Amino acid sequence: MASVSAVLNSEWTKIRTVASTTWTLISAFVVTVAMGAALSALLNAQFDDLPAAEQATFDPTFVSFSGMVLGQLAMVVFGVLVVGTEYSSGMIRTSLAAVPQRGSFLFSKIAVAGALALVVGLATSFVTFFLSQALLGEHGTDIGAENVLRAVFGGGVYMGLIAVFSMGVAAMLRSSMLSLGILMPFFFLVSQILSAVPGAKSVARYFPDRAGSKIMQVLPDAMNSDPAPYGPWGGLGIMVLWVVAALIGGYLVLRKRDA
Amino acid sequence: MIEAVGLTKRYGAKTAVHNLSFQVRPGAVTGFLGPNGSGKSTTMRMMLGLDRPTSGHVTIGGHAFRSLPNAPRQVGALLDAKAVHGGRSARNHLLCLAQLAGIPAARVDEVLGVVGLQDVAKRRSKGFSLGMGQRLGIAAALLGDPQVLLFDEPVNGLDPEGILWVRNLMKRLASEGRTVFVSSHLMSEMAVTADHLIVIGRGQLLSDMSVKDFISANSADFARVRVSTDRPEGREKLTASLTEAGGRVMPEADGALRVTGLGLPRISDLAHAAEVRLWELSPHQASLEEAYMRMTQAAVDYRSTADAKAGLQPPPGYGAPGLPGHVAPPPPEVPQQGWYAPPPPGQNPYAAPAAPHGPVPAAGTAPAAPADPTTRETSEDPR
Amino acid sequence: MIELDGLTKRFGNKVAVDDLSCRVRPGMVTGFLGPNGAGKSTTMRMMLDLDNPTSGSVRIDGKHYRELREPLKHIGALLEAKAMHGGRSAYNNLLCLAQSNRIPASRVSHVLDMVGLGAVAKKKSKGFSLGMGQRLGIAAALLGDPEILMFDEPVNGLDPEGIHWIRNLMKALAAEGRTIFVSSHLMSEMALTADHLIVIGQGRLLADTSMADFIHENSRSFVRMRSPQQERLRDVLHGAGIVAAETGDGALEIDGAAPEALGELAAGHGIVLHELSSQRASLEEAFMQMTAGAVEYHAHSEREGAQPPPVGPHWGDRWTGQAGAGSGDGPKGA
Amino acid sequence: MTTPATPPPQAPGQPFQQPQQGLGGPAGTYASPIPVRSPGLGDAIASEWTKIRSVRSTMWTLGVMIVLLLAVGLLSAFAVGASDAELEDTPVLSLGFFGVLLGSICVITLGVLTISSEYGTGMIRTTLTACPSRSRVLIAKSVVFFLLTFSITAVTTGIVGLLQTAMLGGATPGGDDWLRATVGVALYVATLGLLSLAVGALVRHSAGAITLMIAVVLLPLVLAMFMFSPSLADLQQALLEYSIPSQLAAFYDASVTPSGPSGWEPLWIVLGVTAVAMTGAFASLDRRDV
């Protein structure tokens, strides 16, 4: 085994020396914070116009994370590019010649990129939370309130997991374009549309993003959303299962297929 | 006929091509040489109207490329083998080019056959090797059966069979009266393919002459002489008489003599007069590579240096005693002086002179003449 | 030392590499030859454990590649010039590799200077020309100062100065006792560089011999004689029972006789010689001879094209009699 | 933009000349036996059609677009039908709007890729060597792309409209409604694609141009959302009215704002913008080094 710390070090250099890392992570942060803030400000202004059911289940924490619908896409791009550009540039062959142990290579890469995504995700979730609460004014909540810290922390974890999930998928598909072509419409359209269609709802709630985003809700079934048969931690658990499955798949593909 | 007049191209502050004027004539293969970064590709792109010259102009058959009537039927070009949409099949790639130029579709299958890709014509070009891509690019250049052909590094990635094919193809195209303009880094290929050479360095014209003239202007031929070992004094005797006759004689490692400045018949006569029996008397033509290196020495942009292995302890396992060459091998660098010193021919028996049937000796396979210190003054760098 | 043992690779039905067994020894440059599609690249990829062999194995100094702790310090390889992330600078591309094998960062600048890329080390590798990309790939191979080096078509895109440099570099590295394994299509380069040859065709081993033996076995060698007294020379040779063939340019070619003996013979009869040189066919010819049956993509033209081909419409016959028929008319017998 | 400088086309009926020397060019010493014919715009169009149909990704993009138009259009009709919601004054055809909006992303992608993929692969150099006339190449690309996207969009929106009206009763759309919801929308979407093609020619980078075009489509609405300040109300209004989604909605008489372009007006707007961008693209192609 090549020294794991050396491989981690190398992967960190790889990540910090490409421009796409900076751009995707910055846009994940900016989009999430800006959209969360904008929606908070809007809701604060129009709170009285909301339907009664939504007023009753108003969850200020969950509202502040509404930018994640778009922000997670930037995280998907980040995750896909970290793995996918190895393939598209042909760097994968150079990398595997330097680190022939597929496991150390893939998991060091994912550990470094996942840790970075987690840090950015946590920063994003805390910043967007505090900013949104300030904008929500009287309808806002406090970090000390029940379950709020769990939700804010969970928001960061969610973003990190989305990135790691994308890395696993990209390792399985071995192509940036293909992975983005599948993941982006999936998170942006398919998952959203299916969860609105009556018949498909019961399946769609087990999708990684649907299940994982439960952790960001302080009140169960916040904002009049559909009730789910699992709690916040259960939802996160389902998402973690998806991530683990993607990672195992990615590892098996890397080990079996010719580079 | 391609004609460049005062061609200049600047990118910001950097001048890629400076005041280049030359003509490329039909009926001959014209080689276009120069170190990396000397402006070869830029010049070819300007010929094809892809880049606009900052000043000066280049014409093909009297017209600027972009105002050529029916350009694809007059000029064919291979610039970059991989300049193909990878998702398209080889046949479709050629078909859309043929349609663009108003060339019948049947010609596509014809050129696919000419370059030997007919069996993979339906495959997407993404999976092609460099050599196959190169063949596809050559097919595209031949599509219009044009009068003028430009090739940028045509043999890149081809296997020996393909190299031989390209070599013969270009000669044939030229013999049909076409203008064939080829850039290449492979001197051994150029030596057997090109009739005429245009050499540029740092964007400026260094030379524009025939291959023969180029080699003789930039290097020296020599004769290798071996005498009978029965009478060892014969060697000294011959050396003395050759030197007296005005030749320069250098001993070689295996006991042979390297003679410059005297023709083979003259050496033979002198040996006869000195009553020395010859065991070998063979002519050696200097290689194009050597001549080229001499000329462009000062115009190289990316120069390699020796490996001092800073910061690395050589791992154990090599450089162990008893291995051949353990005694300080010369560093693989290209020093400024005396930079061309291949092994004397005697030590490299495989590198015997060229193909006996070739019209020109394959210079690259011939033992290249070492830079004779005595001729260095006479073959001064052109600048 | 690289050992290949019964190495086989199948892609579906197609056998790319077929039961290949050979050794690449240290202290010399071993050339790896074969026509396009012969399986050279696949073999080199299996050596680096990038492709999994269908059967058989590769050992690097007795170990499987995956068992190497810091492989760059054992084996450096140049497979393709542009196998780097284009958005990263040349320096950073190498730094990633160096760090993964605990090679000091100072070594990175060093190899970049060595291959002549010191001035563009901070530039993104996207903008590099093929030659510069090749130099970057060579720098990556040299990074760990390994005892085994593998180069796939190293001179591709290099200019003559670069070709000359890499040629001498490989020889010097071999002279230090390293194992140098290099594939190339350029026979003239190989002839100058390699000491030993491994030739494959259609995935099978065709030859594993020294360069001298290879050329000796696969081509004819002969002595060329030229004399102002051509007629007498021929008579003398005939009298000695030596068969001489006459060439077009007035020289005689003699197979199977030593030049020393011929020189003595001529001198003994007082014949003036203007040339007495022993000729051996080039590596290219020897290679062509050996692999004639193993070429996959044959171009459509006569092989022996040394004599100028006939001038005139060679592919035009089907066009001239076909006025107005533009398309849909497939070529016959193409 | 006129057809480029080529020798006058041959008389129709005898398209091939006998091989001859020096056809409009130098007195070359080699004459090709292949019949020489001066290529024109028609050849370039045939070539571009081959280019488009011979790449799988093009076909995929178009397939996805058709699926989106059909699926989203029918799903929304299905959802409305299932919910028993009263259609009130909402025109039935307007249910196709969401599908078309999503489908237009595909058209944008395809429009950009039509030209920028040539830059990405380097194919553009081969193309321009085979046809030095920049205008001919650009016009041929535009014509092929426009006709293709127009016909696909028109047919698909027509089918979706028929199915929607069959599934839901509601007010019967008039002839003009039908024309605008199919031909009008198709013209608008195809012109939007042409705009993307022009942007692709200007930017020369696939990802960059696609991002730019998607931003052009979506950003005005997003920006308008952020303009809470009353002083910006006019700008907010303008952004809402002239954003591409609301222009598209105008074809269904379902615009998000009461004022703003209506009827066929959006088409004239996008045509004007596209003409300007196309002129820029031609100038860029003509002047800049490839």
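## Two helices in chain C

At roughly what angle do the axes of helix α3 and helix α4 of chain C cross? In this predicted model, the axes of α3 (residues 105-114) and α4 (residues 130-142) of chain C cross at roughly 135° and come within 9 Å. That angle makes α3(C) oblique to α4(C), and the crossing is right-handed.

## Helix α8 of chain B

Now to chain B, where helix α8 spans residues 211-218. Its buried residues are Val211(B), Phe214(B), Ile215(B) and Asn218(B). Viewed down the axis of α8(B), these buried residues fall within an arc of 95°, so they line one face of the helix. A general rule is handy here: an α-helix has 3.6 residues a turn, so residues three or four places apart point the same way.

The cover over the buried residues of α8(B) includes β8 (196-201), β9 (204-210) and α11 (288-296) of chain B.

## Helix α10 of chain B

Helix α10 (residues 264-273) of chain B buries Leu264(B), Ile267(B), Ser268(B), Leu270(B) and Ala271(B). They cover an arc of only 165° around the axis, and therefore sit on the same side of α10(B).

What covers them? Chain B provides β10 (222-227), α9 (233-244), β12 (257-260) and β13 (278-284), among others, and the cover also includes β13 (275-280) of chain C. After α10(B) comes Glu275(B), with a positive phi near 60°.

Note on methods:
Residues numbered from 1 in each chain as written. Chains lettered and ligands numbered in written order. Predicted model: local features only at pLDDT ≥ 70, side-chain atom pairs only at ≥ 80, totals over all residues. Heavy atoms only, no water. Axes fitted to C-alpha atoms, helices over the stretch in contact; angles between N-to-C directions. Helix = DSSP H or I, 4+ residues; strand = E, 2+ residues; numbered from the N terminus. Parallel < 35°, antiparallel > 145°, perpendicular 65-115°, else oblique. Left-handed = near helix turned anticlockwise from the far one by under 90°. Buried < 20%, exposed > 50% of the residue type's maximum accessible area, 1.4 Å probe, protein only. Arc of directions from axis to C-beta. Contact = heavy atoms within 4.5 Å.
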